[in-house]
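Student: I would like to learn how to read a protein model feature by feature, and I hope you can give me the general idea before each case.

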Amino acid sequence: SIQTITAGTGISVATSGTTRTITSNLTAGSGISVSGATVSLKNSFIANTSASLQSGTTTSYSNSTGYPVFISGRTVSSGGGAFTLSVSGGSGTVDMRDGDSGTYDVFATIVPNGASLSGNSFYYLAVQLRPG
């Protein structure tokens, strides 16, 4: 039989004789709800607002929106599609070159808040993944 239960923040344990009742009082914030053992996303999880869109031409996109951003685009000129995704503590290469230097190279990735994507000049469309 269970003698002791230790719970964290938002969880309570009541004891009555040999019965233990565990209650969840967790809160999740905008776009997410918790009911017992069920976690749900609202239908409008990504807000439908023009403020969540950005587009332009650049050699470096820095995400300071407060939300993760899905970004896609293509190089301005043919012949160079290696990009660097820099996040806190490191970086990685997003290499979308097709190898023939005669076409524009496309990319798509998620840029976390506080991170940046840089490389040769590129056109882009960025959509913030903000809760509705």
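Student: In which strand is Thr 93 found?

Tutor: Strands here are DSSP runs of E with at least two residues, helices are runs of H or I with at least four residues, and both are numbered from the N terminus. Thr 93 is found in strand S8, which covers residues 90-95. Before going on, note that this is a predicted model, in which local features need pLDDT of at least 70 and side-chain atom pairs count only at pLDDT 80 or more, while totals for chains, interfaces and linings use all residues. Residues are numbered from 1 along each chain as its sequence is written, and side-chain values use heavy atoms, with hydrogens and water left out.

Student: Is Thr 93 buried or exposed?

Tutor: Buried means under 20% relative accessible area, exposed means over 50%, and partly exposed lies in between, with a 1.4 Å probe and protein chains only. Thr 93 counts as exposed because its relative accessible area is 62%.

Student: How do S7 and S8 pair?

Tutor: Two strands are said to pair if DSSP finds at least two bridges between them. S7 and S8 pair in the antiparallel sense over six bridges, with Leu 85 opposite Gly 92 in S8 and Phe 83 opposite Val 94 in S8. The two strands form a hairpin with two residues between them, and Gly 89 in the turn has a positive phi of about 90°.

Student: Over how many bridges do S7 and S10 pair?

Tutor: S7 and S10 pair in the antiparallel sense over four bridges, and here Phe 83 stands opposite Gly 119 in S10. In a regular strand the side chains alternate between the two faces of the sheet.

Student: Which residues touch the most other members of the largest nonpolar core?

Tutor: A nonpolar core is a set of buried Ala, Val, Leu, Ile, Met, Phe, Trp, Tyr and Cys residues joined through side-chain atoms within 4.5 Å. The largest one has 13 residues, of which Tyr 61, Ile 71, Phe 107, Leu 117, Phe 122 and Tyr 124 touch the most other members. Strands S6 (69-75), S7 (82-87), S9 (106-111) and S10 (116-128) each give two or more residues to this core, and S10 gives the most, with four residues.

Student: What is Phe 122 in contact with, leaving aside its neighbours within four places in sequence?

Tutor: Contact means heavy atoms within 4.5 Å. With those neighbours left aside, the partners of Phe 122 include Thr 57, Tyr 61, Arg 74, Phe 83, Phe 107 and Leu 117. Thr 57 is found in strand S5 (residues 53-62), and its C-alpha atom is separated by 5.5 Å from that of Phe 122, which is 65 residues away along the chain. Thr 57 is partly exposed, because its relative accessible area is 48%.

Student: How many helices and strands does the secondary structure of the protein come to?

Tutor: The secondary structure comes to zero helices and ten strands. Of the 132 residues of the protein, 20% count as buried. Among contacts with a separation of 6 or more, 68% are accounted for by residues 24 or more positions apart.
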